[in-house]
Amino acid sequence: MNSSFIHANYSEQVIEEYKGNPLIEALPPIYSKEEVIGKLSYYPMFDVSEREMESHHRFHLIQRLFNIFQVFPNHLILNDKIGTLIRQGYVGRNPMKPEYARSFSEKLPDIQNDIWINDTSPKSMSCIGIPGAGKSSSITRILNCCYPQVLIHSDYRGNPFSSTQLVWLQLNCPHDGSVKGLVNQFFISIDNILGTDYFNKFGRSNKLSVNTLMPIMTTVCRGINLGFLCIDEVQHLSLKGVGAKLMLNFFVTLSNILSIPICLIGTPSAMNVLQREFRQARRSGQSDMIFNRMENDAYWRLFIETLWNYQWVRKPVDLTDEFVDVLYESSQGILDICLKTYALAQTRSIATGREELSPRLISQVASENLKLVQPMLRALRSGDIHEIAKYEDIYFPYETAIERERIELGKNSFINATKAINNTVSKEQLQEEAVFRLNLLGLSKETAKQMVKSVLKEKTVQDVNELAKLAYQYSLIKVQENTQELKKESSPNLLTIVKEGKEQGLSAYQSLKRAGIIKSLEGVV
């Protein structure tokens, strides 16, 4: 069994229609607003001592910025919608009721031609937003933090109940809008999660048509008790031909016939597809969730204040209104662009040795790296949704920009390291040449090395002639100091000589003369 599987535990339900249904009772409780904020919020670790790390290490630390998750009111609304859809979708699929078993033998509709509408409960939604606004990451965060993906049932309140429950599944719409591509992606994902073999059985076969594969996928969804299906990048669906219509009809079948909630995620251009096909077919739906860019308001400042806690430059600065405004102007309230601009500004500051953020630096980094998204930013400033829809494929080339900064950082580090190595080599060669010359002047190798080291310890010398000269002079001084010390140690004590002479009946003069001292004194006088 996959380690991510969780054995189902059942809890009493407050809401009447949720009672007695193991697929609902096994879900986590309906969390309060405070509990949702606690579960979704994420702030990576940060230690001020990390600012003292080497630049190439701090580059890696900056990547923590992209793990930050700041909760806003739209996340709470989205969580409520998802929670409601999942539970409402299971209301009509209670495995403890006889009609649940009968549904497996009922004929499914003709997916290509029929759209069956079930108006009993809302079962679908769409999530539309500009690229980088956080629509996909928000849904992923909610699903991962608030719901287990796989629940294993074996016994329900004393009654045998062996079943697998896949609470949620996320897929990406293929770039070519291919229905078969989506179905195969579904089989592969299910196989990876549950350890099944659907793709080898059905997906690899070229004999099975799309019209055959889609009912198989529908049967699998029902068999694994799929609770919530999320399809991202739906703007890839083309309005030309029957592909989009076929796929959207299939989504409607899952939603309205099998009560499997569908969430379609896409950029503004996807609205055309949804308005013409999916939205009309799902008139009982939960409405759209719009993820727009942020306004430069209190929520934006909250987000920037959160980011500002993560400064890996060695000279951190306090947050000012100017920083808040320049980050907004550079990103137009798009969280993804703001994060990447802030990360690039820190990388640039570290790479250049500036080690300090400034509004001018942020503007400079933005103007150099946001050239490709300027048309979209201008469209955002205009507020024209039709203009914005033209630019769904524009992206912030962060990988290219950060690679350029890394090269710059690497270049500086490489040059500094090379200089250090060259200086070390030159220093060693300088010492060897000086020792060689001192050796020719009669100093032993060991003495010459000591003299050279003594000179370099006191001063920096780059010229070999100067080093040899200073070292030789230093050796002469040492010899003189040693000679004087030797003489001092070997010279007789006058009082001792006089005392010893007196014991032998000699006068002080006679004693000193016998010791040779009188002659020395006479020479001095």
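Both faces of strand β7 are covered, with I262, L264 and G266 buried on one side and C263 and I265 buried on the other, where buried means under 20% relative accessible area, exposed over 50% and partly exposed in between, for a 1.4 Å probe and protein chains only. This is a predicted model, in which local features need pLDDT of at least 70 and side-chain atom pairs count only at pLDDT 80 or more, while totals for chains, interfaces and linings use all residues. Residues are numbered from 1 along each chain as its sequence is written, and side-chain values use heavy atoms, with hydrogens and water left out.

**Overall make-up**

- The protein has 23 helices and eight strands, both taken as DSSP runs numbered from the N terminus (H or I over at least four residues for helices, E over at least two for strands).
- Of the 525 residues in the protein, 46% are buried.
- Among contacts with a separation of 6 or more, 75% are between residues 24 or more positions apart, a contact being heavy atoms within 4.5 Å.

**The sheet around β7**

- Five strands form an open sheet in the order β5-β6-β7-β2-β8, with parallel pairing; two strands pair if DSSP finds at least two bridges between them.
- The edges are taken by β5 (169-172) and β8 (288-291), each of which has a single partner strand, so one side of each is left without a neighbour in the sheet.
- Neighbouring strands of this sheet are turned by 15° against each other on average, direction ignored, with axes fitted as lines to C-alpha atoms (for helices over the stretch in contact) and angles running from 0 to 180 degrees between N-to-C directions.
- Strand β7 spans residues 262-266 and is joined to β2 by five bridges, the two running parallel, with C127 standing opposite I265.
- On the β6 side, β7 pairs in the parallel sense over three bridges, and the bridge partner of I231 in β7 is L264.
- Strand β6 (residues 229-232) also pairs with β5 in the parallel sense, over four bridges, and D232 in β6 stands opposite N172.

**Helices on the sheet, and a helix pair**

- Helix α4 (residues 73-91) packs on the sheet by touching β2 (124-129) and β8, and its direction makes about 155° with that of β8.
- Helix α7 (residues 179-194) lies across β5 and β6, running at about 140° to β5.
- Helix α7 also packs with helix α9 (residues 210-223) at an angle of about 35°, their axes being 10 Å apart.
- From α7, the residues V179, K180, V183, F186 and F187 meet a set in α9 that includes L213, M217 and V220.
- The residues of this contact of α7 with α9 divide into eleven nonpolar, no polar and one charged, where Ala, Val, Leu, Ile, Met, Phe, Trp, Tyr, Cys and Pro count as nonpolar, Asp, Glu, Lys and Arg as charged, and the others, Gly among them, as polar.

- In helix α12 (residues 298-308), the buried residues are W300, F303, I304, T306, L307 and W308, and what covers them includes α13 (321-331) and α14 (335-351).
- At the start of α12, a side-chain oxygen of D297 reaches to within 3.1 Å of the backbone nitrogen of Y299.
- N369 lies in helix α15 (residues 359-369) and counts as buried, at 4% relative accessibility, while its side chain reaches the backbone oxygen of V365 at 2.8 Å.

Conventions:
A polar contact is a pair of N or O atoms within 3.5 Å; within protein, one must be able to donate a hydrogen and the other to accept it, and residues adjacent in sequence count only if both atoms are side-chain atoms.
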